[in-house]
Amino acid sequence: MNVAFPIDLRSDTVTRPTPEMRAAMGTAEVDDDVLGKDPTVGKLEALGAELAGKEAALFVPSGCMANMIGVMMQAPAGSEILVAENSHIHCAEAAAYARVAQVAKWPLKVDAFGRMDPAQAAAAVRFGHGLPGGNSHHPTTSVLCLENTNNYCGGTVQTAADMRAVADAVRKRSPEIKVHLDGARLFNAAAALGVPARDLAAPADSVSFCLSKGLGAPVGSLICGTKKAITQAVALRKMLGGGMRQAGVLAACGLVALSEAHRTQLKEDHANCRRLAEGLAGLPGIAVDMSRVQTNILFFDYAGAKGDAAWLAGALREEGVWCLAMGTRVRMVTHRDVNRAQIDRALQIAATLLK
Ligand SMILES: Cc1ncc(COP(=O)(O)O)c(C=O)c1O
């Protein structure tokens with residue numbers, strides 16, 4: 001079998017625009033989107049809002065910016081947001097919430113699947129000076145941030161009921177609290193659970209999702225919420241430097257990325273990830289927690305006679321299998337540019353290396 005190299009499992013962000021995307025870019029109707037006039041961006045935002053079950057959506061350059069705007073449009077400066085201790089917002093967004101949003105973050109423990117405990121989340125809600133039960137030592141909790149799928153747990157999925165339980169517990173303490181869902185991989189969660197994305201977004205006031213991960217677009221994310229919130233989001237995007245002019249060429253790719261075919265493809269990526277995990281689990285030195293292999297992200301521990309996780313990632317790379325070492329773990333992510341034959345070849349290569 002002719003297997004294309006490299007087999008790039010570093011991330012689902014490495015996909016190349018498809019021929020259909022490149023063609024769509026070539027014919028996209030465009031105008032100045034900072035003036036709110038680009039028709040292709042308008043179409044993308046309407047489709048994104050519909051799929052997320054929200055009133056409106058805004059096209060932004062990245063997942064980080066979508067989250068940042070999602071929080072800033074709902075969290076006043078000086079307030080506090082509740083975040084999962086291993087969330088992308090807490091761990092991997094360059095301290096933006098302190099530096100730019102000027103909010104405090106209160107990290108909450110999560111279980112192996114990225115789920116918060118509703119009682120713990122409710123107990124973390126705080127009220128500032130002047131509010132009933134308030135205290136001049138404390139900021140006021142403004143936003144609860146959830147993440148689905150959870151990247152650092154290994155692409156694990158939460159059901160709408162899991163998320164609603166936390167959201168309800170927190171809102172019971174304060175109905176003023178808004179819920180933001182970092183759904184960078186929301187459509188992976190939806191594909192894994194076999195439910196519409198909008199059902200997963202329903203417990204949240206706002207949801208962000210990336211077009212440029214498993215869905216395959218080269219650039220872009222959407223932040224979705226109420227019409228009022230998205231009106232504020234437009235100003236925040238401008239302030240953050242994310243206003244884009246003839247962005248219709250990118251939105252055209254986003255429309256392809258959101259098509260049913262691309263959303264359905266995610267299921268194949270999940271099957272490939274499982275096949276990869278099952279194959280690797282039998283090799284010496286590799287430990288895989290199969291219960292966490294739920295979507296397209298595989299983390300496994302490696303400590304073998306030949307070296308550590310960094311050694312394994314380096315050795316695989318020399319053989320044309322690209323992945324990332326993260327501490328004691330190796331991360332491999334499946335996506336639409338890696339097919340089953342490549343997965344099987346990657347397994348053969350790993351088996352030969354670890355023999
Ligand atoms: C859960 C999660 N949220 C947000 C982001 C940020 O997306 P971007 O890289 O487009 O800024 C990522 C990126 O990997 C992510 O995994």
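Reader: How many residue pairs are in polar contact across the interface of domain 1 and domain 2?
Author: The rule finds 10, both residues at pLDDT 80 or more. A polar contact is a pair of N or O atoms within 3.5 Å; within protein, one must be able to donate a hydrogen and the other to accept it, and residues adjacent in sequence count only if both atoms are side-chain atoms.

Reader: Which elements of domain 1 touch domain 2?
Author: Helix H13 (260–281), strand E10 (297–302) and strand E13 (329–333) each supply at least two residues. H13 gives the largest share, six residues. Helices (H or I, at least four residues) and strands (E, at least two) are DSSP runs, numbered from the N terminus.

Reader: What kind of model is this?
Author: A predicted one: local features need pLDDT of at least 70, side-chain atom pairs count only at pLDDT 80 or more, and totals for chains, interfaces and linings use all residues. Residues are numbered from 1 along each chain as its sequence is written, and side-chain values use heavy atoms, without hydrogens and water.

Reader: Where are the domains?
Author: Domain 1 is 7–14 + 261–354, and domain 2 is 19–258. The bounds come from an automatic or database domain assignment.

Reader: How much area do they bury between them?
Author: About 1,900 Å², 54% of it on carbon and sulfur atoms. That is accessible area (1.4 Å probe) that two parts lose on being put together, summed over both. His262, Arg263 and Arg292 supply 31% of what domain 1 buries against domain 2.

Reader: How many salt bridges between the domains?
Author: One. A salt bridge puts a side-chain nitrogen of Lys or Arg within 4 Å of a carboxyl oxygen of Asp or Glu. Arg185 and Asp12 meet in a salt bridge at 2.8 Å, N to O.
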